[in-house]
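Subject: Structure handover

Hello,

Here is the structure I promised you. Please open it beside this email and follow along.

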Amino acid sequence: RSDNNIGIAGVAPLCKIIPVNLTINSSGSFGTFQQLATCLDWSWNEGGADIISNSWGGGVPSSLVHDAIKRAITLGRGGKGSLVLFSSGNSDAGVSSPSIYPESISVGAMDMCYQRKGNNTCDAENFWGSNYGTGLDISAPGVKIATTRNGASYNNIFNGTSSSCPFVAGVAALVLSVNPGFTQVQARQIIERSARKVGNYTYSRVPGQPNGSWTPNLGYGMVSAA
């Protein structure tokens, strides 16, 4: 909740969150591709999710998961399409699956100096880097993010593309709050075309990225709620 003088508030604090639990055992395994696809289908079909934010990935490509993403963006929201976002990955390498699929919005992480989070950036966290390159769409803050956690406490140093992806999902929620009639294509265009061209990078037009100038380090740039 916002403006209650307690803790923190998210990007879209008045929007409803629908948790979907992918974990199937105590070791934290995400399960089979069929189970992952079922979770994606449930999110929009039964859960009624307008936006599906995924802070998981890094596996091998799967047609089951890919097909589930395509169903979400075409059949969700009564045919207007749900937006599907994925963390790009934290291995300082190429964008991972299923974030690599063009139907999903791939979100990378940046540091507080407006650079792609690498293993030698101004945040001094030299043990991880945001995945980048072909398929990356947009970036958001991903270092020292304050967030709630189980047990009614807070984590003030949460990091990774798992923290940047929900930022963009929150902005997507704001976009649909302004106009719930937007299709997922229209909402995605707004998010990507309005991104700020930050960092010491050259942005240019490239095939496969139709919504403006792009860089392999930050995609279209830093997400802008304004």
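Below are the notes on what was found, starting with how to read them.

**Ground rules**

This is a predicted model, so to speak of local features pLDDT must be at least 70, and side-chain atom pairs count only at pLDDT 80 or more, while totals for chains, interfaces and linings use all residues. Residues are numbered from 1 along each chain as its sequence is written, and side-chain values use heavy atoms, with hydrogens and water left out.

Helices (H or I, at least four residues) and strands (E, at least two) are DSSP runs, numbered from the N terminus.

**The sheet**

Start with the sheet. Four strands form an open sheet. Their order is E1-E2-E3-E4, and the pairing is parallel. Two strands pair if DSSP finds at least two bridges between them. Strand E1 (51-54) and E4 are the edge strands, and each pairs on one side only. From one strand to the next, the twist averages 30°. Axes here are lines fitted to C-alpha atoms, for helices over the stretch in contact. Angles run from 0 to 180 degrees between N-to-C directions.

Now look at the pairs. E2 and E3 run parallel and are joined by three bridges. Ser87 stands opposite Val107 in E3. E3 and E4 also run parallel, with four bridges between them. Val107 stands opposite Ile138 in E4. Gly108 stands opposite Ser139 in E4.

**Strand E3**

How many residues of E3 are buried? Six of its six residues are. Buried means under 20% relative accessible area, exposed means over 50%, and partly exposed is in between (1.4 Å probe, protein chains only).

In a regular strand, side chains alternate between the two faces of the sheet. Both faces of E3 are covered. Ile105, Val107 and Ala109 are buried on one side. Ser106, Gly108 and Met110 are buried on the other.

**Helix H4**

Next, find helix H4 (residues 184-193). H4 lies across E2, E3 and E4. H4 runs at about 45° to E2.

Which residues of H4 are buried? They are Gln184, Ala187, Arg188, Ile191 and Glu192. These residues cover an arc of only 125° around the axis, so they sit on the same side of H4. The arc is that of the directions from the helix axis to the C-beta atoms.

What covers the buried residues of H4? The cover includes helix H2 (63-75) and helix H3 (161-178). Strands are included too: E2 (83-87), E3 (105-110), E4 (138-141) and E8 (209-214).

**H3 against H4**

Two packed helices are described by the angle between their axes and the distance between the axes. The axes of H3 and H4 come within 10 Å and cross at roughly 120°. That makes H3 oblique to H4. For the terms: under 35 degrees is roughly parallel, over 145 roughly antiparallel, 65 to 115 roughly perpendicular, and the rest oblique.

H3 passes H4 in a right-handed crossing. A crossing is right-handed if the near helix is turned clockwise from the far one by less than a right angle, and left-handed if anticlockwise.

Which residues meet there? From H3 come Val168, Ala172, Val175 and Leu176. They meet Ala187, Ile190 and Ile191 in H4.

Pick out Ala169, which is found in helix H3. Ala169 counts as buried because its relative accessibility is 12%. Leaving aside residues up to four places away in sequence, Ala169 touches Ile51, Ser53 and Leu85. Contact means heavy atoms within 4.5 Å. Ala169 and Leu85 are 84 residues apart in sequence. In space they are 7.0 Å apart, C-alpha to C-alpha.

- Pro98 lies in the loop between E2 and E3. The peptide bond from Ser97 to Pro98 is cis, with omega near 5°.
- Asp3 is found in the segment before helix H1 (33-45). Asp3 has a positive phi of about 60°, although it is not a glycine. At 79% relative accessibility, Asp3 is exposed.
- Arg77 is found in the loop between H2 and E2. Arg77 is not a glycine either, yet has a positive phi of about 55°. Arg77 is buried, at 11% relative accessible area.
- Asn200 is found in the loop between H4 and strand E7 (204-206). At 73% relative accessibility, Asn200 is exposed. Asn200 and Lys70 are 130 residues apart in sequence and 34 Å apart in space, C-alpha to C-alpha.

Best wishes
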